[in-house]
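Hi everyone, thanks for coming. I'd like to walk you through one structure today, so please have a look at the screen.

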Amino acid sequence: MSKGGKLLFVYDTMQSGYSNNIALQDCELKGRGTTVKEFTMWHADGVVRLTQGGAKPIHGEVYSLPGGKLEALDKMEGVGQKGVTRIEEQVTCAADDGSARDVTAFVFVCTEESVQGDEWVQLKSGRVQEGVLPDDGLAGGEDDDDDDDGDDDEDLAGEFRDSHHPPCEMTGVAGIMEMMAAAKNGADGGEPMAKRQKQE
């Protein structure tokens with residue numbers, strides 16, 4: 001299942017049907033994913049982050065990335081800033097054909113210290129649920145809350161915004177595409193975006 005490139009597990013608005021999935025348009029969706037280990041999901045002002053340990057497994061999607069893509073996404077996610085880093089974890093990936101297996105995938109996480117402010121709220125569901133993003137979610141998404149913790153995922157509606165990438169000042173599809181192209185040029189040995197902006 002990992003043939004074709006490095007694997008990335010996404011759990012936020014880079015999932016299918018959300019605005020930032022545009023950043024993965026040249027990547028191959030391998031299937032739905034669930035982390036083997038437990039994490040804690042947080043949000044603040046539209047930013048979604050994970051910290052290691054805690055609540056429950058996290059649900060999302062697994063993508064196979066082409067060469068140079070992972071480094072470009074590092075810049076998009078702000079790796080090295082505000083406690084954000086990238087780790088490798090075991091993820092159970094369920095393909096469309098019904099098969100499932102554990103794979104090793106990269107996951108973006110942050111330090112516990114970086115989510116200690118009063119603005120950070122823990123999301124107990126362990127997933128960004130369909131229909132959670134009223135202005136940005138999957139069309140016709142239904143609440144399929146299968147958790148046994150008594151939480152209703154519909155209560156999370158309205159807690160998110162369009163973007164979860166504060167290091168990027170550009171917004172919208174055009175901004176994301178411009179940023180990804182610039183980051184990739186830097187990863188491939190071209191002139192980095194920051195240098196070009198300074199020259200301008």
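Let me begin with a question: in which sense do strand E6 and strand E7 pair, and over how many bridges? Keep in mind that we are looking at a predicted model. The answer is antiparallel, with eleven bridges joining residues 84-94 of E6 to residues 100-110 of E7. If you want to find one of the partners on screen, go to Thr85, whose bridge partner in E7 is Val109.

Let's step back to the whole protein. There are eight strands and three helices, and reading from the N terminus the order is β-β-β-β-β-α-β-β-β-α-α. Of the contacts between residues at least 6 apart in sequence, 71% link residues at least 24 apart.

What about the surface? On the inside, 43% of the 200 residues count as buried.

Are Cys27 and Cys93 buried or exposed? Cys27 has a relative accessible area of 13%, which is under the 20% cut-off, so Cys27 counts as buried. Cys93 is buried as well, at 0%. As for disulfides, searching the whole structure turns up zero.

Notes. Residues are numbered from 1 along each chain as its sequence is written. This is a predicted model: local features need pLDDT of at least 70, side-chain atom pairs count only at pLDDT 80 or more; totals for chains, interfaces and linings use all residues. Side-chain values use heavy atoms; hydrogens and water are left out. A disulfide is a pair of cysteine sulfur atoms within 2.5 Å. Buried means under 20% relative accessible area, exposed over 50%, partly exposed in between (1.4 Å probe, protein chains only). Two strands pair if DSSP finds at least two bridges between them. Helices (H or I, at least four residues) and strands (E, at least two) are DSSP runs, numbered from the N terminus. Contact means heavy atoms within 4.5 Å.
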